Amino acid sequence: MDPASNLDRIMDVGLSKGRIAAIKDRLNPDDSKETFRAQGLLVIPGLIDLHMHGYHLATPLGIPVDPYCLGRGVTTAVDAGSA
């Protein structure tokens, strides 16, 4: 699913060196070096969290950023003033 590219259907995503190398309806073995089975899951670009408190253990609302953001698909987060 990628709204910027108008993609919203079941497709194969090929990875090479940790980056997307190909997106096709059906990949050839040469299109990818890595395989990850994501059947039944959503594959989307990184999400943006525009309001979070990431100053962990310094404020009551602070969260550990890596497991709560990266672990849920958030690749960009904006701290809302906790630091």
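**View 1. Arg9 and Asp25 pair up in a salt bridge.** In this predicted model, the closest N and O atoms of Arg9 and Asp25 are 3.3 Å apart. Arg9 sits in the segment before β1 and Asp25 in the loop between β2 (19-24) and β3, so the pair ties together parts that are 16 residues apart in sequence. Side chains of opposite charge can pair when their charged atoms come close. How many salt bridges does the count come to? The count comes to one salt bridge. As for Asp25, that residue is exposed, with a relative accessible area of 52%.

**View 2. Asp2 is buried, yet has no salt bridge.** Look for Asp2 in the segment before β1. Which side chain of opposite charge is nearest to Asp2? That would be Arg9, and Arg9 is 11 Å away. A salt bridge needs a nitrogen of Lys or Arg within 4 Å of a carboxyl oxygen of Asp or Glu. Leaving aside residues up to four places away in sequence, Asp2 touches Leu7 and Pro45.

**View 3. Asp8 is an exposed residue in the segment before β1.** Is Asp8 buried or exposed? Its relative accessibility is 60%, and Asp8 counts as exposed. Now find Tyr68, which is 60 residues from Asp8 along the chain. The C-alpha atoms of Asp8 and Tyr68 are separated by 26 Å.

**View 4. Asn6 has a positive phi although it is not a glycine.** Phi of Asn6 is about 60°. Here is the background: most residues other than glycine have a negative phi. Where does Asn6 lie? Asn6 is in the segment before β1 (12-16). Asn6 is also exposed, and its relative accessible area is 69%.

**View 5. Leu57 has a positive phi too, and is not a glycine either.** For Leu57, phi is near 70°. You'll find Leu57 in the loop between β3 (47-52) and α1 (65-68). With a relative accessible area of 76%, Leu57 is exposed.

**View 6. Stepping back, the chain holds one helix and four strands.** In what pattern do they follow one another along the sequence? Read that way, the chain goes β-β-β-α-β. The radius of gyration of the chain is 17 Å, well over the 12 Å that the globule rule gives for 83 residues, so the chain is more spread out than a compact globule. Along its principal axes, the C-alpha trace spans about 50 × 25 × 20 Å. Take the contacts between residues at least 6 apart in sequence: 41% of them join residues at least 24 apart.

View 7. What share of the 83 residues counts as buried? It is 17%.

How values were computed. Residues numbered from 1 in each chain as written. Predicted model: local features only at pLDDT ≥ 70, side-chain atom pairs only at ≥ 80, totals over all residues. Heavy atoms only, no water. Helix = DSSP H or I, 4+ residues; strand = E, 2+ residues; numbered from the N terminus. Rg over C-alpha atoms; globule rule 2.2 N^0.38 Å. Buried < 20%, exposed > 50% of the residue type's maximum accessible area, 1.4 Å probe, protein only. Contact = heavy atoms within 4.5 Å. Lys, Arg positive; Asp, Glu negative; His and termini not counted.
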